[in-house]
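Please consult the sequence and the model alongside the text.

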Amino acid sequence: MALKQTMSRWQTLGLLWALLAATALANQLEDIPHNEVKNWALKFGVDLWEFGRHFTKMNQIQNKYHEYNVDVVRKDGLLLVRELAAEVKNYMDFKINAVMRIMDSAEAAALSSSSGSEGTPGTYYDARWLNVHADDGTLAAKARRLLLAPSRHFDHIAVNTSYSAVLMPPYISVEDPEVQNQIAWSEHLDPLFVNNYEIDPTLSWQYYASSSGFMRRYPAMSWPPEDGYSHHARDFYDFRSSNWFVESATSPKDLVILLDDSDDVSSSYWRLAKATVSALLDTLGPNDFVNVYRYSDTVAEINSCYTKVLAQALPETLREMKTSLWNAEITGGIANITGALTTAFEILHRYNRTGQGCQCNQAIAVVGAGGGAGGVNRVFRTWNWPHMPVRIFTYRTGGDAAAGVYMQEMACTNKGFYVTINDHSEIRPKVLHFVEVLARPLVMYQNVHPVHWSPVYVGGRSSSLADNGMGQLMTSVTVPIFDRRNHTQREANLLGAVGTDVPVDQIKKLVPPYKLGVNGYSFMVDNNGHVLYHPDLRPLHTNEEYTETLRPLYSSLDLTDVELLMDSDENSRVNLTSLLLDLRHDMIEQREGETEIGVKVQYDNMRRVATRRQRYFYSPVDGTPFSLAAVLPDGYGMYELQAEQEVKHSPINVTEYFKGENWKIHPDWVYCEYASTSDQTFNTPEEQLLHFLIRAGKPGWKWMSLRPRALTLHNAHKKQDRDSYYCDKTLVQSLIRDAMVIKELDAHTGHANHHSQQGRFHKFVVTLSFIATRSGLLKWTENFNGSRNSDSAEQHFSEKYSRAFDSEWYRRAVEHHAIEPESFVFSVPFRDGSEAEDLSGRPPLVLATHAVFVESRGHRAPAAVVGLHFQLDSLAKHFLNVTSTCTAGTVCKKTCAGDELDCYILDDNGFIILSEDVSQTGLFFGQVDGTIMDSLVQDRIYKKVTVHDHQGRCPDSRNPFSGNSNKLSPLKPLSWLGGYLTNLLAIWFPMWTHASAHTAPYNEEELDYEDYEGEDVDHDDDTDRDRGTYEIILDGGGEGPRGGPAGAPPPPPPAPSPREPSREAVRSAAVRPCDTSAELFTLQSTRLSAAQPLKGKLTNCHNSGCERPFSVQKIPHSNLILLVVDTLCPCGAKRLDVRARESAPRPTCSSPPPRPHRRRPHTCVSYHPEEIEIQSCGRGERTTPLFSLLTVLILRMWLST
C-alpha cells in the first residue's frame, strides 16, 4: 500500500513537472511572454513603492500627527455654508453702506448748489493735467501738481488718498455750465470718500459718475497713470452705456425695436439706423428683454430664431441679434409703421398679461425715416392711451421734415423721447436719452435708490503679494443719484450714479479654501444664474481694455456651462441634468439646501479628466442678488483633520519651525494681514507670516480673528486703526502644527546617498523631495547631487507650485488614494508633439506624489501630500533592467530590450511616462499608436470621456492684426485730408451734419458700445463697424466726435506716435469665444487584475494577414500600466489626439430657444402719476443753411471717391 502511494506521488510530481515544462515552452513560443509581463510590472511597482515610502518618510509623518492631539470630524456642510454666506453678506454690507453714504451726500450737495456759481477751470484735479510739465520742465499752464504714491491696494498705480480726480472723455466740454456745476459740487464728496476708506480699508475705487459724462474717482490718479499698469492708455471711455450705470438708473425693461427698411431709407442712412439699433442693444443687460423687427410692406424679426418672443438680453443673444442686424439688407417697399407698431404692442401686451418678460418697464423704439407715421394714432388709441403703459422712443435717420413732426408727436404723446440722428458721432449721446427718460419715475419718487451689482469683469491688478499683473475679477455696486432741486418747469433729472468697485478676490478670501478641503471649492451665482466666481470661470480677455480706457468687458457665464455633468448611465434612474437645474433654480430663488451630483473634473488645461460625486451646499447672501455654494467631494471631502498648535504652548519659539529658505505658504490665503491703510509692507507672504508669528509670541497678543461688523447705514461706524490687522487663528495654528510634524524633513538631504547603499534602489536618482500640507505649507529638500544646473531658465519647483494645495498633483494624489491607498501618482509634463523637441540633453522630471491620510475614531482625512522628483533616465534604466530579464529558472526569447517588443508605461489618462524612445515621454499614447489605444478602449481598459468647454478660445481669422486689415489704398491720404477739411468746416458751419450723414465714414472708436465679452460678426464690407469686443483698437480714439462743441477742452499733452499693439492686445485679438470639445481617457482599474495580465490582439490590420498581440498589466502601488506590444506585424497606426477642437456649429434654430429660470430684481419703478406733466420729449434739428449744406456735401463726396 505504501509503495502504491509513493508511486502515485511520483506520478503526480511528474505530471506537474511536465505541465510546468509545457508552460515554459509555451511562454518561449508565444508572441508575448504574458507571465513575464506580470512579473515585470510587479517588480517595477514594488521597487518604486518601497523606495518612495522610505524616502518620503510618509509613515513617520503619519505617526507624528498621532503623537499630538488630533481629531477627524465630519463637516456639517449646511452650517459651514451658512457661516460663510454670513461673512460675505457682512463684507457686501460695508460696500453698500459706503455707496449709500455717498449717495446721500451727493444729492445734498447738488441740492445746495446753484447752477454756474462754482466750477471754473482749475478748481479741481483733472486727471489729464496732473503733474504735466512743459518742454522746459516747468508745470504746464493748465496742469496742477499733486503728490502721487504707488499703492498696491489700488491696482499698483500712483494715487493720492486725500483727494479725488476728474476723468473725462475727450468730447465732453468743460465749458458746459452743467458740467462745471456738477464738478464743483461733487468736490464736496472728497471728505466722504476719505471717511469711507478709513472705515473700511478694503474699499477699492469709489466714484461719482455724472450723467453729463465725467467721473469723479477716488483716490486721485493721473491719466494716463503714473507708474501704472498700462503704457498704452487711451482716452477715458464713455461709461453712460455701461451695465453698472444703466441698470442702476433704470428698472428692468421689455424693449421692441422697429427698424425701418423701406424705400424711404437710403443706403447711408440704413447704416446709420443699424448703428443706432446696435447702440440701443448695448444699453441692455441680463435683466432686460428685447427683440428687433424690420418693417416695410411686411413686419418680420431681424433674427428668425426669436419669432414672436422677447429674448433675455444675454450677451450671446445680443451678439446673435447684431449678427443678423449687420447682415441685413434693405428690402424696400412702403413703410407699414402701423403694422409694425401693432406687432410690437401685441407681443408686449401678451408678455405683460402672461407674467413673462421683466414685468416692469415696456418700450418701443422706432428707428428710421418715419414714413407712414401719419396714421398711427388709432394704434395708440387701441393699445396705449390713456394710461400709456408703453413708452415710445423715435430715432429719425433720414426722411423729410414732415415725417420728423409725426415721429416727434409719437414720442411726446407716449411718454417717450424723439431725436434726429444725422451722423455717427451723435448716436452715443442721443441714445442716452432713452436711459434718462426711463429713469424719470425713480427720480420723481426720490426715496427709492435700487442697489445694483454688475456682472463680473476683469479689472486692475490684484493687491495680493503674488499678483501676476494680468488683472483680477471685479464687480461694481452702484446706486442712482437724483436731482432734488425745484425747477420752474416740471423735470426729473438723473444726476448720475455713485458706486465702488469690488474685487472678487476679496470676496473669495471670506471663503477660506482650507475649510472646504482639497478638491472642494465654492462659487456664487446671481439672480440670472450667472456665476460671479467659479474655479472654472475663464474670461476670454485679459485686462488690457480696462487698463487702457477703464472700460469693463463683462463676462456672463451660466452655472450650467461650468459644472460638467457625468455622462448618463443607462442603469441610472437619476437625471443629472435635472439635479443641476434644480440646484440652479434654488440658488436663484435664494433658498438654502443641499444636493449630490456626479460631475466630470478636468485637469491640466483639459487634457486629463476624472469623474466623482460631489455634495453641494448652498445658502443665500441676504440683501444681495447672490447665493453662495460650497462643494465638497463625497467621501473624504466630508471629513477634516483638526490639529492645531497654540503659540503660547509651543515647546520652542514657533519661528524655529520656519527656518531656512526651503518653504513657502500659499500666496493667496489669508494667514494674517494688515489693513491696506497700514504703512507695513512685505515683499513675500513668508516675510509677512514671520512678522506676525514674532508678534504672536509677545505678551498682549490678540488674534483679531473676527472681522469688523457692518452696522446699519445711519449708525456711526468706527474708523479702523491704520495698522489694524486680521489673523485666521485656526489656519495659523494648523500651519504651526504641520510645520512641527515635518520639521525633520530637512534631514532628508543626502537620503539619495543613504539609499545608494541599498543595492535594490541604487538606480533611482531623486532631484527633489517635498511635502505640501492642508494648511498651505510647502517644504522641499534639494538633492544637490542630482539637481539641475542653477543657471537653468526653467522655473523652480517652489515657484511653479507655490499654490501647492491647488496644484493638480496634490488634488490627483488625494483623489487616487480612494482607488489605491498604498500608491504613488506619477506624471510628466505634457507634450503635444507638434514640434520636434530634443529631450536627450534635458529630459523631463517624473513627478511622484502620495497622499497622507490621518485616521481618528474610524474616520480618515487628508493631511498632506508627499512627493519626489525622479530623473527620467534613472527610472528608464531601472525599467529596462527589469524588463530585459526573466524570472529565475525560465528562459524567454523576447524582452523589452529586444526589437520584437515595444514596452510603454502609461499613466491613468493614457500619457507616456516611460518608453524606449525618450522623445515620446509626455505624449498621449494615441498619438504614437492610435490603433492600440482604440483597442484598449474597446477592451474597457480605458474609458473615453468627452468633455465640452463653453469657454473655448479659437483662432480668429478676422482680427485686426491679420494681413487683410487696414490696407492702404492710393486715395486713402485724400480721404484723410477730406476728413480733416470737413471737420475744419464743421467749426465754421456747425449745421453741416445733415448733409454729411450721407457720406460719413464709420469711426470704429465711436461705434464700439459693447460692454460684454463677445465675438464679432461677418457682414461683408461692414465688418469693422460693430466689431466684437475681443478686437483691439490700434490707435487712441482721442479725436472726439465730428462737429463737436467748439468749446471742447484742449487736448492733454501730445501722445507718442502711433504705437505697436501690446502683446496682450495681439493675443486677445487673435482669439474668439467658441465651444470646444476634447476626447479624453481615464483608466478603468477594476478591469485589470494583479494576478494575470490582459491579453489583446489586433487582427486584419495588414495585407499579409499577420496579427499584432499586446499585453497590459497594472503596475501595483501606482496609477500606471505596463503595455507590451509585438512589433513584428506592421499594422498601420492611426493617430488620436486629446487636444480640444472647435465643436461643430450649432444648428440653425427651428423653435424659440428655451427660457432659463431667473428671478426678477426686487425693485421695479416704472410709473409716477405726475410724470405726464414733464414737457421735455426731444426736438428736431435747426434749419441748415442750404449753401453750406451743399458745399460740404459735394466736397466730402468728391474726396471720398
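The protein chain contains 32 helices and 40 strands; helices (H or I, at least four residues) and strands (E, at least two) are DSSP runs, numbered from the N terminus. This is a predicted model, in which local features need pLDDT of at least 70 and side-chain atom pairs count only at pLDDT 80 or more, whereas totals for chains, interfaces and linings use all residues. Residues are numbered from 1 along each chain as its sequence is written, and side-chain values use heavy atoms, with hydrogens and water left out.

**Whole chain**
- Of the 1201 residues in the protein chain, 57% are buried, meaning under 20% relative accessible area (1.4 Å probe, protein chains only).
- Among contacts (heavy atoms within 4.5 Å) between residues at least 6 apart in sequence, 77% join residues at least 24 apart.

**Helix 2 and helix 25**
- Helix 2 (residues 34–56) packs with helix 25 (residues 872–883) at an angle of about 145 degrees, and their axes are 9 Å apart. Axes are lines fitted to C-alpha atoms over the stretch in contact, and angles run from 0 to 180 degrees between N-to-C directions.
- Residues W40, K43, F44, D47 and L48 of helix 2 meet L875, H878, F879, V882 and T883 of helix 25.

**Site of S915**
- S915 belongs to strand 34 (residues 912–915) and is buried, at a relative accessible area of 13%.
- Its side chain makes a polar contact with the side chain of Q920 at 2.7 Å; a polar contact is a pair of N or O atoms within 3.5 Å, of which, within protein, one must be able to donate a hydrogen and the other to accept it, and residues adjacent in sequence count only if both atoms are side-chain atoms.
- Leaving aside neighbours within four places in sequence, S915 is in contact with C903, Y904 and Q920.

Note on methods: Buried < 20%, exposed > 50% of the residue type's maximum accessible area, 1.4 Å probe, protein only.
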